[in-house]
Amino acid sequence: MSSDVIVADGLRKEFTVRVRTGRLRRQKRLVTAVDGIDLRVARGEMLGYIGPNGAGKSTTLKILTGVLMPSAGQVRVCGLRPVAQRTRLALSVGVVFGQRSQLWWDLPLRDSFDLLRHVYRVPAAAHASRLRRCRDLLDLDAFLDVPVRQLSLGQRMRGELTAALLHGPQVLFLDEPTIGLDVVSKQAVRGFLAELGRGGDTTLVLTTHDLADIERLCRRLVVIDHGRVVHDGSIAALHRRYGSRRLVVADLDAPPPVPPVVPGAALRRVEADGHRLVFALESAGVAEVVTALAGLGGLRDVSVVEPEIEDVVARLYGERRSVRPSRRC
Ligand SMILES: Nc1ncnc2c1ncn2[C@@H]1O[C@H](COP(=O)(O)OP(=O)(O)OP(=O)(O)O)[C@@H](O)[C@H]1O
């Protein structure tokens with residue numbers, strides 16, 4: 001039996017929209033939001049699902065959670081057809097959409113959690129143990145008795161995560177879970193999700209524009225654009241594909257009279273009035289470059305900078321923009 005909890009083949013979603021073509025004229029246009037996506041996600045995987053605005057991320061998540069019917073293609077989540085078996089699917093998946101709440105606005109968080117136990121018919125002991133874990137890891141106790149409408153965004157998001165997990169779902173879908181959160185709340189949410197992922201039982205599918213979420217949480221990254229998958233693999237594979245290099249930053253006592261040549265590394269930039277040289281590693285390792293730099297004399301400090309995911313994703317989006325297909329209408 002396959003261990004894939006998400007199986008999608010040839011997924012498509014088209015929307016018909018009316019656009020103004022004159023003062024009184026409207027014309028129907030077809031927008032292809034998802035354009036033939038194949039996706040398999042194994043149990044326990046932590047998948048980052050990213051793409052530029054309008055790429056089709058939310059539409060995909062809505063199809064996978066049974067909110068939208070695909071125009072074409074096959075989809076199974078936990079072995080179920082999301083729209084046709086939505087009620088059963090709700091028992092197997094949890095959903096956190098950063099912009100929407102599943103909590104009762106006027107009730108204290110604690111009462112919302114209690115109601116959810118009845119909605120999902122969770123045995124009392126299982127509910128209590130999951131809630132205890134969330135209270136500990138997400139620091140909920142200080143605001144458990146506060147009505148949801150009075151919670152800060154960060155507090156509410158911690159409540160949303162708990163609410164999505166109390167019935168013990170196999171798959172957790174997260175759409176922008178850290179949007180608008182301050183640094184401390186972001187760290188709390190990421191730490192919690194990382195811990196959840198380490199357990200290996202819950203599959204996470206995460207869409208976000210905050211690439212630090214992806215770096216912290218996801219081993220696998222699916223990048224979509226114009227409704228199609230343009231990368232599916234590890235972050236390291238993305239760096240390899242775009243030739244990202246680690247950088248060695250050397251601070252010198254004085255600017256060298258001529259730019260030094262370091263075998264196996266390329267001088268990328270000269271900064272700080274010539275006092276700082278930034279090399280990109282090519283065939284050489286860090287130690288070789290540092291030894292070569294030390295041999296030049298006047299080396300004050302050295303640091304190694306890992307390639308930035310922001311850079312490589314910006315390059316990928318930029319490249320896609322320059323080969324933008326004409327939109328089918
Ligand atoms: N209900 C709808 N009716 C018409 N068009 C829609 C609808 N929902 C989405 N679209 C269109 O489908 C495309 C994909 O939208 P979607 O919301 O899935 O993108 P996204 O990748 O989640 O974007 P963002 O990062 O901005 O949230 C966009 O062109 C959007 O305008």
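## Basis and terms

Helices (H or I, at least four residues) and strands (E, at least two) are DSSP runs, numbered from the N terminus. Residues are numbered from 1 along each chain as its sequence is written. The model is predicted: local features need pLDDT of at least 70, side-chain atom pairs count only at pLDDT 80 or more, and totals for chains, interfaces and linings use all residues.

The residues around the ligand are Phe-15, Val-17, Val-31, Ala-33, Gly-51, Asn-53, Gly-54, Ala-55, Gly-56, Lys-57, Ser-58 and Thr-59. Two or more of the shell residues come from each of β1 (4–20), β2 (26–42) and α1 (57–64). The most come from α1, which gives three residues.

By class, the shell holds five nonpolar residues, six polar and one charged. Here Ala, Val, Leu, Ile, Met, Phe, Trp, Tyr, Cys and Pro count as nonpolar, Asp, Glu, Lys and Arg as charged, and the others, Gly among them, as polar.

## Domains

The domain assignment, which is automatic or from a database, gives domain 1 (4–240) and domain 2 (245–306). Their C-alpha centres lie 43 Å apart.

## Helix α3

Helix α3 (residues 109–119) has the buried residues Leu-109, Ser-112, Phe-113 and Leu-116. Buried means that 20 or more other C-beta atoms, placed from the backbone, lie within 10 Å of the residue's own. These residues lie on the same side of α3, because they cover an arc of only 100° around the axis; the arc is that of the directions from the helix axis to the C-beta atoms.

After α3 comes Arg-121, with a positive phi near 50°.

Technical notes
A residue is near a molecule or strand if its C-beta atom, placed from the backbone, lies within 6 Å of it. A residue is buried if 20 or more other C-beta atoms lie within 10 Å of its own, exposed if 12 or fewer, and partly exposed in between; C-beta atoms are placed from the backbone.
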